[in-house]
Amino acid sequence: MSAVIENHHDEHHHGPAKGLTRWLYTTNHKDIGTLYLWFSFAMFLIGGAMAMVIRAELFEPGMQIVEPEFYNQMITLHGLIMIFGGVMPAFVGLANWLVPMMIGAPDMALPRMNNLSFWILPFAFFVLLSSLFMEGGAPNFGWTFYAPLSTTYAPPSVTFFIFSVHIMGASSIMGAINVIVTIMNMRAPGITLMKMPLFVWSWLITAYLLIAVMPVLAGAVTMMLMDIHFGTSFFNAAGGGDPVLFQHIFWFFGHPEVYIMILPAFGIVSHIIETFARKPLFGYTSMVWAMLSIAILSFVVWAHHMFTVGMPLAAELFFMWATMLIAVPTGVKVFNWVTTMFKGSITYETPMLFACAFVVLFTIGGFSGLMLAIVPADFQYHDTYFVVAHFHYVLVPGAIFSIMAAVYYWIPKWTGNMYDERLGQLHFWLSFISVNVTFFPQHFIGLAGMPRRYPDYALQFADWNMVSTVGAFLFGVSQILFLFIVLKTVIGGKKATDQVWEGARGLEWTVASPAPYHTFSTPPKVD
Amino acid sequence: MSTENYYVPEQSRLPIFAAVSLFLLVMGASSTINNLGVEGSKSSYILYAGFASLIATLFFWFRKVVQEHLAGLDSAQLKKSYVYGMAWFIFSEVMFFAAFFGALFYVRSFAVPWLGGIGEKGSQIAAVDLWNGFEASWPLIATPDQNAAFAMADKSMAWPGWSNVLQWLPLWNTIVLLSSSVTVHIAHLGLKNGNRKKFNRWLGATVGLALIFVGLQAAEYYEAYAHYGLTLNSGIYGSTFFMLTGFHGFHVMMGGVMLSVMLCRSVFFNHFEDHDHFGFEAASWYWHFVDVVWVMLFLFVYIL
């Protein structure tokens, strides 16, 4: 057992184990980060394939390709897989790779639990996806699984869905505890809280949100389980409960959840803009406080998802104003990024292109969110394609663009090879154009009144739906190019220097490229 | 805050075993529940296998951590990681209970009064003329829809009035659980002062009180089902009552197991030092947490 203690005077480090056991038994934050990232990419492709089914069906009015029942299952699984399997694990993977390197720690604080957090996920999604082959089909009630659709009228596979959400939640909570403990306890001497890189800050706040709301989701699915199988009446008005109670509990989880999917993106984009503008961030402190304010506000805005459900007027007003308040810290961030770029010596490598697109398109998503926050306007927009356009703008060119930016930005550090800049730029422009072709028209058809989650629609929505489908398939194909670029970089390419980017600052750029299997066995000196 | 000598364990089989166990557990639980009432269903074997292998994995996992501790591999900094980890785990449990308490507060303050026609929202609902005979009250004995197949309760678990207070089980449960928090604290003081005998005795007493609590809770459930007609199927009052107390009871059992493990470690293996005993401290934190939740339950489920 003594062999496992690093010898600090010995420059030679243990390399990874050989074969499959490296990945099954690993306690190394870089291995686990890699597992998370590849898993999320696989889920991104599966969830993406489901999106293609949806868009293909909506190419023309009328029923063409799938049965309405199957369409509902695709809608549900697409949402669940992209959120819990795509975006969240990708950010956890980035946290695993980067947080220990950024704070000068030898690894995550609790390495074995780190491995467990990851390996729960493939099993959880196996359970969820296996429901496609069960009697009655997969869950078909939308990713928000509102009762009574998810209780009284649910297919039998809902039980599998419930337990799969339970273990996904356990994985998230363990992962979040690990991140918080690492950040609080493992920083190299000299890295005070207000000297932490912003990605670390964003993940500290994200982890706090995760620990606060994932248990609430677990509570919600537990009550569903009891209602379905054990005769309770939580979401059944006939017994004195209330289906709206489900929506309140769900969105108490759900709103912080959407910030869980965007806060790490704020951290990533801040780093990238700083590097390629070759200027320190305009306002570090205001960025930290803006993120904290957003996190705190996220707990008091949940009911803006349910304005049309028939809440008392006072509640609608409260949730409307609280929601609009979020625009203030978000504005602080956007101006921060813009002023960082102002008079900078900017170059536009692929990560910077994705980061700039993030700032512009995320802002569009934020503005449509403000429109939805206005109660009387929301009565019109609610459950239309306008909502679909809104959250896809914050999630695809928001969260997913930031993940791609992060991959391009840090992959030289991970693999030791530069990615192919020409292909990277091609990937960016294809993604950028197609994402707008896909989602911008959905604003129009939504404002014109097309409801979401239906496999068929009225004739007047035909043209923009066709455009949207063309964009979606182009976006889908572009991501195969992304896969190719990543694989090409892993296999070989121009050797990366240690600093990689001229303007890059931070501890991760001081170690070799590729980063050695164990970094910072002894804490680095930081001023 | 030095990171020197931070112990990073080498490869371990434990996590993947735990993940596979969880997989078996959820597959087994889902298919067992879906096959309830089906003759000859063997799904429950998967559930048992998952449960058994999870328990075994956890046993070996904790054994490994204890061995590492005894081998002196854990620095003060690693210990701090465990301390933070346990604290945040308890916070996640607080939020789990918050979901159920939130449900209770919502139905009591909004859903039930509205169904009973109280307030502006209530009058809108009453105008629909759905369950007009329904009167809002708490504890809710008669459900809004009398025709649906709800098991009607005759009696609730609420405060029985001063004259019957001594026969009221929840009061005894409160006394038992509050005293167990005191006994575990006395045990802790004994350990800190190096008095091993005192530690073992008072920790044993705490485990005993935990058993008494679970026994009384079982008696209460029996009473509810057999004599009060109060079941999971009695509408929202039964739902919230059994969910909150049941989930709490499950946590009492987990805490009880933790404390028993600590007792065994102390009695049979002489683990723990007077200045270094976080395993026990973590279990005692958990126990105090369970106790605080009970006080909330006593207040909001039973008394108010």
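Modeller: Let us begin with domains, whose bounds come from an automatic or database domain assignment. Please keep in mind that this is a predicted model. For chain B, the assignment gives domain 1 (11-35 + 42-72) and domain 2 (74-303).

Biologist: How many Å separate the centres of domain 1 of chain B and domain 2 of chain B?

Modeller: Taken over C-alpha atoms, the two centres are 26 Å apart.

Biologist: How many residues of domain 1 of chain B are in contact with domain 2 of chain B?

Modeller: Contact means heavy atoms within 4.5 Å. By that rule, six residues of domain 1 of chain B touch five residues of domain 2 of chain B. The two domains bury about 470 Å² between them, and 50% of this area lies on carbon and sulfur atoms. On the side of domain 1 of chain B that touches domain 2 of chain B, three residues are nonpolar, two are polar and one is charged.

Biologist: Which elements make up chain B as a whole?

Modeller: Chain B has eight helices and zero strands. Its C-alpha trace spans about 70 × 50 × 40 Å along the principal axes. Of its 304 residues, 47% count as buried. Among contacts in chain B between residues at least 6 apart in sequence, 72% join residues at least 24 apart.

Biologist: Let us turn to the two chains together. How many residues does the contact take from chain A and from chain B?

Modeller: Chain A contributes 77 residues to the contact and chain B contributes 69 residues. The area buried between chain A and chain B is about 6400 Å², with carbon and sulfur atoms giving 74% of it. For polar contacts, the rule finds 14 residue pairs across this interface. Several helices of chain A, namely α1 (21-25), α4 (111-130), α5 (158-185), α6 (198-229) and α7 (243-260), each supply at least two residues of the side that touches chain B. The largest share, 12 residues, comes from α6(A). By residue type, the side of chain A that touches chain B divides into 48 nonpolar, 24 polar and five charged.

Biologist: How many salt bridges does one find between chain A and chain B?

Modeller: A salt bridge is judged by distance: a side-chain nitrogen of Lys or Arg must lie within 4 Å of a carboxyl oxygen of Asp or Glu. Between chain A and chain B, the count is one salt bridge. In this salt bridge, the side chains of Glu68(B) and Arg112(A) meet at 2.8 Å, N to O. Both residues are buried. Over all chains, the search finds seven salt bridges.

Biologist: Which residue forms a salt bridge with Arg452(A)?

Modeller: The partner of Arg452(A) is Asp383(A), at 3.6 Å, N to O. Arg452(A) lies in the loop between α15 (421-447) and α16 (462-491) of chain A and Asp383(A) in the loop between α13 (375-381) and α14, so the pair ties together parts that are 69 residues apart in sequence.

Biologist: Are these two residues buried or partly exposed?

Modeller: Buried means under 20% relative accessible area. Arg452(A) has 14%, so this residue is buried. Asp383(A) counts as partly exposed because its relative accessibility is 37%.

Biologist: With which residue does Lys488(A) form a salt bridge?

Modeller: Lys488(A) pairs with Asp420(A), and the closest N and O atoms are 3.0 Å apart. Lys488(A) lies in helix α16 of chain A and Asp420(A) in the loop between α14 and α15, so the pair ties together parts that are 68 residues apart in sequence. Lys488(A) is partly exposed, with a relative accessible area of 35%. Asp420(A), at 21%, also counts as partly exposed.

Terms used:
Residues numbered from 1 in each chain as written. Chains lettered and ligands numbered in written order. Predicted model: local features only at pLDDT ≥ 70, side-chain atom pairs only at ≥ 80, totals over all residues. Heavy atoms only, no water. Buried area = accessible area lost by both parts, 1.4 Å probe. Nonpolar A, V, L, I, M, F, W, Y, C, P; charged D, E, K, R; others polar. Polar contact = N/O pair within 3.5 Å; in protein donor to acceptor, adjacent residues only side chain to side chain. Helix = DSSP H or I, 4+ residues; strand = E, 2+ residues; numbered from the N terminus. Buried < 20%, exposed > 50% of the residue type's maximum accessible area, 1.4 Å probe, protein only.
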